[in-house]
Amino acid sequence: MEIRHLKSLMVVGKELHFAKAADKLFITQPALSKQIMQLEEEVGVKLLNRTKRSVSLTSAGRYLMNEAEYLVGHLDRAVEATRRKGTGEEGEIRIGFVGSAMQNIIPELLERMSKAYPNIHASLDELNNKDQLEAVAHDKLDIGFVRLESVHGGFEKKTVFEDSFSLVVSKTHYVQPDSFTSLNQFEEEQFILFSNDYSQEYYDNIMSIFTDHGFQPRVSHRSVQANSIFRLVERQLGVAIVPSALQDGVDLGVSFIPLDHLTQRTRLMAVWNAKNRNEALNKFLNLM
């Protein structure tokens, strides 16, 4: 078995089309078919279901593809780390995050790391919660900063920040911080919320706020980007509820009304793979 066999399976498994996969791999379709056949002979089971019209992964093929993503990613990482050590760097840490983590947590941690470990390189990738967990599981990220209440087994986790919520309104809205009395003032308003694709648990937490106030919101727009939500509010297309930390650095025509009297809170959680052997991660965790 060679690495190219695993890479071929990964591409075919994603494309589910031999011609498209061959183009991406810069090889001919017969050569790609031969590699898959060699891989199937090696492992002794069928990895793909092939007809003239369709290609699909068998359950064994899906399992091997997921493992191949981890193995190839880890090998790429080891090669890159070796190169960095050869040039005097101590290593690299790959950090995923939701946007709100960049308001305070990530910059502070990177500042600490640059002072304590100036030869560790950090790469940053803004992703939603689901994509971060998948990337950590497949060794494409060392650590993720997510807004979740819980994560499944196999991940280590630590709550790094707990935040209250704020109501966001246009600066031209008739209710401003000094005239706010209750969320019930907004029962007839259109709401702009983070999509449940961002995090179902986070979305359910927000919806529980409305339940406590005895009404269901009229949701006009959903987004996974805070800046998009703020710009829609600025254009008077609705009001929003967001973590209070997101107001830092916002220079738009919106006002933030604190809802810290509510029992609901949102947690920013760091997650990483317990089996991750990256030395830079351990140093980062100590700083965290």
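This is a predicted model: local features need pLDDT of at least 70, side-chain atom pairs count only at pLDDT 80 or more; totals for chains, interfaces and linings use all residues.
**Ground rules.** I number residues from 1 along each chain as its sequence is written. Local features need pLDDT of at least 70 and side-chain atom pairs count only at pLDDT 80 or more, while totals for chains, interfaces and linings use all residues; side-chain values use heavy atoms, with hydrogens and water left out.

**Aromatic pairs.** I searched the whole structure and found seven aromatic pairs. Rings of Phe, Tyr and Trp (its six-membered ring) pair if their centres lie within 6.5 Å; planes under 30 degrees apart count as stacked, over 60 as edge-to-face and the rest as tilted.

I looked up Phe210 and Phe215. Their pair is edge-to-face, 5.5 Å centre to centre, with 70 degrees between the planes. Both Phe210 and Phe215 are buried (under 20% relative accessible area, 1.4 Å probe, protein chains only).

Next I took Phe230 and Phe256. Their ring centres are 5.5 Å apart and their planes are at 80 degrees, so this pair is edge-to-face. It links distant parts of the chain: Phe230 lies in helix H8 (residues 226–234) and Phe256 in strand S11 (residues 254–258), 26 residues apart. Helices (H or I, at least four residues) and strands (E, at least two) are DSSP runs, numbered from the N terminus. Phe230 and Phe256 are both buried.

I also noted one aromatic cluster, formed by Phe165, Phe194 and Tyr202.

**H2 against H3.** I checked which residues meet (heavy atoms within 4.5 Å). Phe18, Ala19, Ala21, Ala22 and Leu25 in H2 meet Gln29, Leu32, Ser33 and Ile36 in H3.

Conventions
Buried means under 20% relative accessible area, exposed over 50%, partly exposed in between (1.4 Å probe, protein chains only).
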